[in-house]
Amino acid sequence: MKIKIAINIGIASILMTSSIFMPSVKVNAYTIINKSEIEHVLSKGVTQKNITYFTTEGFINVNVLNIDLNDKNTALSTIFNPSGFKNRMNVEGMANGNGAIAAVNGDFFDTKQGFILGASVKDGKLMTIPYYDSKFATFAIDKNNIPSIDYWKSKELNIKLPDATVIPISALNNIGALNNKTSCAIFTKDWNAFSPGANNAFKDLVEVVIGNDGKVMEVRQGKGSVSIPDGGYVIGASGDVGKSLLNLKTGDMVIKNISTNPPFDNFKMAISGGTILVSNGTVAPNFTDNVDGNYARTSIGYTQDKKHIIIATVDKANTRGMTERELAELMLNLGAYEAMNLDGGSSTQMAIRELGDSKARLQNNVQGFERNVANGVGVFNTAAKGNLYALKLEATSTNIFVGTHRTIKIKGYDDNLNPVNVDPKSVSFSINGIMGTFDGNTFMPLSSGDGVITAKIGDATGTLKIKALETLADIRFNPYSINAEKGSTTKVDVTGKDLNGYRASIEDSDIKWTVYNNVGYIDKGIFKASNADVMGAISANINGKIGNLSVKVGQGSQFDTSILPKPIDFLSNDKGNKDVPINNTDNSFKFMVYGDTSYDTLLRLQISLKATETANEDYPLIVFTGNVNDKVLNSLKIKYIKAESTYGVYDFKNSTFITLNDNNGGLLASDPNQWNWFLSTLNNVKCDNLFVILPRPIWGDDGFKDVREATLFENTLNKFMQNTGKNVWIIYNSKNSFYTTLNDNIRYITTYGTNVGGGKMDIYNDARYISIMVNGKDVYYQNKNLFSR
């Protein structure tokens, strides 16, 4: 009797955090499917957290700073280019130039001339004045370390000349204000060391240099830039206002009147941005500066007790971004009682200095390029630097093969978590749990298993957990193959797998490279292509085991691959590649896997019918990974499962079969409801073995379009396997006659069917199927021919 799987689309949604399934969270237009977090401690008062949301509308990447104002050694400040904010700078440069442990972008600014639009205060000094119509909010911290968010206003802006003439000030440190010929602009050394000076646009520009005593030092017109005095300023004006300034003489007293509401001199720092997002613990009723659409965003806020500052960035680089309202809800979920919008888009940047590092690095993914911005918010560890307290150990991979090497990076920090330089020669190493040797800071395991490396300098120690893998069974390259322009360079990463599919990166010192057919040369993992049209390969020898990487330069050429050394053969050592007897009980059965049965010739049809005949004779179940033609279906006498443009679940004896749809380059792109259904179904699997069936691969050019979704899919199944102890196999359709591998003990296996593309099929070599044998929790496979000679 033929049984077709009934497709039951569940409506239950689940959120997975680590290995825990939880109810889904609906947020505006999207539903959160999965949430993952990675947290770094930057100082005693500062943590940084990366949060990745996988939603029904794609990935959302969020970085969050949490700053504890109770910590006496933690401070916030407005930062900008150390040479003055006339010259914009990216946030990473600002952080390092000012010695910050973390920083984000700040106020909106004119992208052509760079001037800041809102108010800014640093160390109690006003550097720019509030926006004229008060629609841009300002975040500030007062002298008592209390944060606030409000719409600041300018209260008094003018200068008074000796003859009692009062001239309005249109701007402070804003070069764009010089266009206004009815007022003047003031420039301090925070803007730049030198005044704007006359130029083609303002040939008659009048500048008055005022010293720190408020007296005129020089009156000049139509001249170039002049040095701005320490503690003083330069008045710039044109038109009639400029003419009135020409009456000033050296030594005249000029009174500057600049005040704001609230008074700027009550605050240690302040920085403006856009609208208030969160007010009194709820989304603000009105947004004064409404920027619609899903964009990269930056926000700053604080908790109800005003003891913690929360800063968040949302990316829009191959991710979804957020609307302003969604950003407000994010800040609420992060604990903000008050919050406001800062500049966004390409300006959105967060840099952090990780524990033990001497420099801050960009954390978020920037769309396009790191834009140079006018100012930012810097977070500082003000504690005095002390002696070495502890060590931090890092490695490119904590998995390593026996007989290969892993370089251990050592970083130090004091008891206030400030970085401390470490002399590598002063470090002593030891290993527990496994055997191994050290050569300086390079470790080589001599036995497999889990181990802990300990580094020590005096009383300061640090540890690193590692896993030593026994047998190198497969060698992989990234990229999979090289298709290079003449003379170009390509970085080549090499990864090894053991017999269970556990992976470890291979360091270049463990690889002996050989280049074939003069395609170029490789040094320290960097391949430099030749200047000829040629095809060949580079070969990696790792302790006698070979991997070959094909190379095409320019238009390529003919290449005889038979000259290449024999590569490592995973199949010959694969423990699952075995024909075992089956008892045809509830726990012992076999099933057949066949690919696509589409056909364009009578021969192809006959081949697919031969597959059906073989299945009817020898198997109780057949799995099709591609399209199934009606003639095949009508000839079937056994149960079948087929991958198609939908999803479903079916239990057969002691095994569960889940069919999923990735025809559009991923589960999400194929059906936005599919992920939640899949996670809910996983939660109810009771059988010993799980077989997941897909019409397309997970990885590679024909796989998921977003590798993050592919990684999440694999990680989800890996956690399922670890939590339940069940076997997991992924069976998919592809262009390969046969292929299998293991990734962290998850089996990937594929074969094509009748529709293998152009050309004629060789029935003795191309007509193949996979036989999968289940003996309780032991599962094996064989790649078989449909026809024998």
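**Close-up 1. The largest pocket of the predicted model.** On a 1 Å grid over the protein atoms alone, a pocket is an open set of points where a 1.4 Å probe fits, with protein on both sides within 12 Å along at least five of seven lines, and its lining residues have an atom within 4 Å of a point. Grid points are joined across faces, edges and corners, and a volume is the space filled by probe spheres set on the points. The largest pocket has a volume of about 1700 Å³. Its lining comprises 43 residues, of which D474, R476, F477, Y480 and Y739 are the closest to the centre. This is a predicted model, in which local features need pLDDT of at least 70, side-chain atom pairs count only at pLDDT 80 or more, and totals for chains, interfaces and linings use all residues. Residues are numbered from 1 along each chain as its sequence is written, and side-chain values use heavy atoms, with hydrogens and water left out.

**Close-up 2. Elements that line the largest pocket.** Helices (H or I, at least four residues) and strands (E, at least two) are DSSP runs, numbered from the N terminus. The largest share of the lining, 5 residues, comes from β39, and the elements that each supply at least two residues include β48 (545-553), α9 (707-724) and β56 (739-743).

**Close-up 3. An open sheet of 7 strands.** The strands follow the order β17-β16-β18-β15-β14-β13-β19, with mixed pairing, where two strands pair if DSSP finds at least two bridges between them. At the edges, β17 (216-221) and β19 (255-261) each pair on one side only.

**Close-up 4. The pairing of β16 and β18.** Strand β16 (residues 206-210) runs antiparallel to strand β18 (residues 233-237) over 5 bridges, and E207 stands opposite G236 in β18.
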